[in-house]
Amino acid sequence: MSDSPAARLQKLFEGHRLTPTQRRIAHCMVRGAADVPFLSSVELAELAGVSQPSVTRFAVALGFDGYPALRRHLREVAPTERAEAAQEDGYNEYQQAVQGEIENLRQLSAMLADPSPVEEAGRVLAASRPLPVLGLRAASSQARGFAYFAAKVHPDVRLLDEGGSMLADRIDAAAGAGASALLCFALPRHPREVAEALDHARAAGLKVVTVADSAFAPVARSSDLLIPAPVGTGLAFDTACAPMLLGRVLLEAMADALPDAQARLEAFDARAAARGLFVE
């Protein structure tokens, strides 16, 4: 298990029933784990976009007398390396964005120290015929990439990357064809339509596996199994290296659970060679 401040904070929040506002505070704290132990309640409230009393109520919900007690605890369980922070201050904004993604990948690596959630998700996805893969707006590229490669080892993958009134119809069609699960990629900013689609999928009897930017993402309540992978926020538009890599890890776990995956890959390679599909 990682010894990083973000990992320790994530563990602190686990097991608590948090309101949407409190999940927003928790998400903000995880993303800024190195700095949070040194913020006042007012500063944290401004950073999370909530009121100062909300921060106090959040601390009480975690079992502390108030925010000062929570901050003292944070300084003990999530100490920051000030030397590293000073070094990062010397990076330009592009380097800082890259360093942020490196830290996100470290968090993902630490999470994967326990492979059981990913292995369970792989088995669930492998068993679904067909397998719908959902991703709207910012998450559409993650869903499309997964679906492209998954189709080489899974017999029936259905990409759902467009919203609108037909989305529920396509989910119903997949369920009617025998689907037992749906894979969703959900990234900020979270479209309301995604949560609605996941609720519809669960009502249709599908088990929802979600890759999201945080365990506190708005889609958490609509998911049966959520596996988090943080996004980078250092540039004007979020970066999603960790969610993309987690998608490939899930693909590997799914392939491991498909007995004919290797045969399908070999058959594809033979067809590609016969067609001269790729330049050697």
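This report walks through the sheet, the helices around it and the nonpolar cores of a predicted model.

An open sheet is built from five of them, in the order 2-1-3-4-5, with parallel pairing. Strand 2 (157-160) and strand 5 stand at the edges with a single partner strand each, so one side of each has no neighbour in the sheet. From one strand to the next, the twist averages 15 degrees.

Strand 1 and strand 3 are joined by two bridges in the parallel sense. Val133 is found opposite Leu183 of strand 3.

## Helices across the sheet

Two helices are worth a look here. Helix 8 lies across strand 1, strand 3, strand 4 and strand 5, and runs at about 130 degrees to strand 5. Helix 10 (residues 166-176) lies across strand 1, strand 2 and strand 3, at about 165 degrees to strand 2.

## The largest core

The largest nonpolar core holds 34 residues, and Phe146, Leu183, Phe185, Leu250 and Met254 have the most contacts inside it. Elements giving two or more residues to this core include helix 8 (116-127), strand 1 (131-134), helix 9 (140-150) and strand 3 (181-186). Helix 12 gives the most, with seven residues.

## Helix 7 meets helix 12

The axes of helix 7 (residues 93-111) and helix 12 come within 9 Å, crossing at roughly 35 degrees, and the crossing is right-handed. On the helix 7 side, Glu101, Asn104, Leu105, Leu108 and Met111 meet Cys241, Ala242, Leu245 and Leu246 of helix 12. The residues of this contact divide into seven nonpolar, one polar and one charged.

How values were computed:
Residues numbered from 1 in each chain as written. Predicted model: local features only at pLDDT ≥ 70, side-chain atom pairs only at ≥ 80, totals over all residues. Heavy atoms only, no water. Core = buried A, V, L, I, M, F, W, Y, C linked by side-chain atoms within 4.5 Å. Buried < 20%, exposed > 50% of the residue type's maximum accessible area, 1.4 Å probe, protein only. Helix = DSSP H or I, 4+ residues; strand = E, 2+ residues; numbered from the N terminus. Axes fitted to C-alpha atoms, helices over the stretch in contact; angles between N-to-C directions. Left-handed = near helix turned anticlockwise from the far one by under 90°. Contact = heavy atoms within 4.5 Å. Nonpolar A, V, L, I, M, F, W, Y, C, P; charged D, E, K, R; others polar. Pairing = 2+ DSSP bridges.
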